[in-house]
Amino acid sequence: MVDFEFAILDFIQEHLRTSFGDFIMPIISMLGNGGIIWLCISGVLCIFPKYRKYGITMLIAIALDALICNVTLKPLIARMRPFTVNTDISLLIDAPKDYSFPSGHTACSFASAFSLLFSKCRLWKPSMILAFLIAFSRLYLYVHYPTDVFAGILIGFIAGFIACIIYRTSEKNNILI
């Protein structure tokens, strides 16, 4: 599996890298650092009563993602990043210090986007596009394996789905979140 993953990463490096990509991908990836863009979006949504439920659902999804991804899976699996194995790569960003599996940037992005999709918020479409861009940036930057990103998408789906269930259940039972 690792050979196949390196084949994908190397294909991106050899055939998809451009000077524009080298400029924009670190910026896109930075939007996902610590989930900052998603926390900002959810914060703005929480300000407006009409959109508050979407912001709260996003925050629940982000929290679930952090517990699953950063607290549980990354330290448990402890997968080294691809640039530590293929040391010929020159990184465009500072080398991440944590483990590779799963991609936290991807998981947080998709947890947010899926929470908007499942809660029927129109912002799900641009959020999904941004989530895909952030996920791809992690491959482009050679800091994650494809399976890290795929696992991040799956975790994001699960976190977004469960967040919607939690919000709907609390709303139905008149529990204030």
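A pocket here is an open set of grid points with protein on both sides within 12 Å along at least five of seven lines, and a residue counts as lining it if an atom lies within 4 Å of a point. Please bear in mind that this is a predicted model.

Let me begin with the largest pocket, whose volume is about 370 Å³. Its lining comprises 24 residues, and those nearest the centre are Gly32, Asn33, Gly34, His105 and Arg138. Two or more lining residues come from each of α2 (19–31), α4 (52–77) and α6. Of these, α4 makes the largest contribution, with five residues.

I turn now to the helix pair. How do α6 and α7 lie relative to each other? Helix α6 covers residues 104–118 and helix α7 covers residues 124–140; their axes come within 9 Å and cross at roughly 165°. Angles over 145 degrees count as roughly antiparallel, and α6 and α7 are therefore roughly antiparallel to each other. Their crossing is left-handed.

On the α6 side, the contact includes Phe110, Ala113, Phe114 and Leu117, while the α7 side includes Trp124, Met128, Phe132 and Ile134. By class, the residues of this contact are 11 nonpolar, four polar and one charged.

Finally, two residues link both topics. His105 of α6 and Arg138 of α7 take part in the helix contact, and His105 and Arg138 are also among the residues nearest the centre of the largest pocket.

Key. Residues numbered from 1 in each chain as written. Predicted model: local features only at pLDDT ≥ 70, side-chain atom pairs only at ≥ 80, totals over all residues. Heavy atoms only, no water. Axes fitted to C-alpha atoms, helices over the stretch in contact; angles between N-to-C directions. Helix = DSSP H or I, 4+ residues; strand = E, 2+ residues; numbered from the N terminus. Parallel < 35°, antiparallel > 145°, perpendicular 65-115°, else oblique. Left-handed = near helix turned anticlockwise from the far one by under 90°. Contact = heavy atoms within 4.5 Å. Nonpolar A, V, L, I, M, F, W, Y, C, P; charged D, E, K, R; others polar. 1 Å grid on protein atoms, 1.4 Å probe; cavity = no way out; pocket = protein on both sides within 12 Å on 5 of 7 lines; lining within 4 Å. Points joined across faces, edges and corners; volume = space filled by probe spheres on them.
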